[in-house]
Amino acid sequence: MRRALALALLLCASAPALGQGMVTSSAPDSVSVSVYRSPNRTSDRAMELYWLEGYALVTEKRTLEIPAGKATIRFEGVAAGLFPESAIVTGLPSGVREKNLDADLLSPRSLYARMFGRPVTLRRTLPGNGGIREERAVIRSAPDGAAILQTAAGFEVANCGGLDDEILYGEAPKDLSARPTLSIETESTAPQKVTLSLSYLAWGFDWQSNYVIHMNPDGRTADLAAWVTLASSDSTSFAHAETAVIAGEVNREDGERGEVPSGEDLELRCVLSALPPLPPPPPAPMLMAPAPAMMMEASADIVVTAQRAMKMEAPVTVVQEGLGDLKLYRVPVPVTVAANAQKQVALAQKTGVKMQALYRAEVWEDDVNEVRQMLRTRNRKEEGLGLPLPGGPVTVFEPFGETTLLAGEGGLQDRAVGEDVEILLSPATQVTASTEELDRKGRTRTVRLTATNARPVPISFEARIARNSDVQIKAKGKKFIRKDGRDIWAVTIPANGTVTLTYSLTRTE
């Protein structure tokens, strides 16, 4: 049996003053976020929005006053996926002696767990007349399973037997933070106001390019729109951040990721048969005076789904800059990198790009794979491009009468200026290829490759034939083009037509 347990946190009427030597920075004055692509994902593959494995370099400016002597500085609102070992703080008079990332956030689950063996108030709504009774209690169970409390009358299970119970907490443990917090230890010879720079790496981010290609009616040119999509699965938002994305492979190895601080719900089950034996009675606890309550509800059947809102920033176009062997794409205006969300900004808009549409078959000696649709161009100004193209998914549309239809989807790998651009799309249904062995004599086989076009228009077709290094290939009456270690047969297949290629394969060893 599952029941919901409501938790109420009683706060003191006035917030306690920070202890001497404790300084809290609640938010940065300014922030910049540079997002690096996941090293475990190929550039032409789409992000997995529910498992982002990229990371971000976050740089914050914060102004605060530090006291003389030893002090603990708390940076609230950092990324929950922060790597503590990567954090660098500059601007302190004596540097940093110690760094800590708060491991637990204030939540129904963490609050209940931390209050194990400590006094609380059990508020019970009585069945029938709806009267309310409060009594002292001590939590005697972990947050998994039943909520077992010890009262003056013995052990009880909250929310069982038709009862409606709440647990009131007089205070929250001081090491539970409402937001991800990085704390550092430092020392100063005199009190002073300082402006600090905090930089760190955090995981749970990623980005990709998205391309939309509209083929023109002439079938030889296209209009291309490119977008940069950046995503965050972190619980912290970075408002009005200077934002950039980094393309290329960075030589960086992640250590084992620790548990990301996150507020968790509390799931309690009503189990009446698992009560522990009665321990010796503890001393009577002293409860703090009640104060205005902040309610934190925990349902037994809560499913949390991260809402990933798409925000389009069409008027903004990212600006490409060099960064050694990497490419940096900077958003020229501040944007908000929101928690558990994704955002798009324009990368490029190109019209009249020269584009060849064709069909390709991959052949291994005498074994042919399925035929794929593809688009080909070259990343040069003469073809209408001429800019670095970071990899990402591609969606292709083509005109069909008075409307436009989806023609296929594929992926584009990172391409520098001057490189060939090939976009493989979906398998073809109207163009097929097959092989058959015509003859075998000694070490030589003769093979015929047949390609058929069922479309009512001519199409361009190519077969890329790969072979072992000890095999020689020779076409009969045709010539191969040698490119990228493959022998390529390129041909135009007429409407509703068929073409054939006969070639021999001779093993030399």
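Val447 lies in strand β29, which spans residues 444–453; helices (H or I, at least four residues) and strands (E, at least two) are DSSP runs, numbered from the N terminus. The model is predicted, and local features need pLDDT of at least 70, side-chain atom pairs count only at pLDDT 80 or more, while totals for chains, interfaces and linings use all residues. Residues are numbered from 1 along each chain as its sequence is written, and side-chain values use heavy atoms, with hydrogens and water left out.

Val447 is buried, at a relative accessible area of 0%, where buried means under 20% relative accessible area, exposed over 50% and partly exposed in between (1.4 Å probe, protein chains only). Leaving aside residues up to four places away in sequence, Val447 touches several residues, among them Asp366, Leu438, Leu501 and Tyr503, a contact being heavy atoms within 4.5 Å. Glu365 is 82 residues from Val447 in sequence, yet their C-alpha atoms are 8.8 Å apart in space.

## The hairpin and its parallel neighbour

Glu365 sits in the turn of the hairpin formed by β23 and β24, which has 2 residues between the strands, and this glutamate has a positive phi of about 55°. Strands β23 (residues 356–364) and β24 (residues 367–378) run antiparallel and are joined by 8 bridges, with Val363 opposite Val368 in β24; two strands pair if DSSP finds at least two bridges between them.

β23 also pairs with strand β30 (residues 459–466), in the parallel sense, over 6 bridges, and Ala361 has Ala463 in β30 as its bridge partner.

## The chain as a whole

The chain contains 1 helix and 34 strands, and 44% of its 509 residues are buried.
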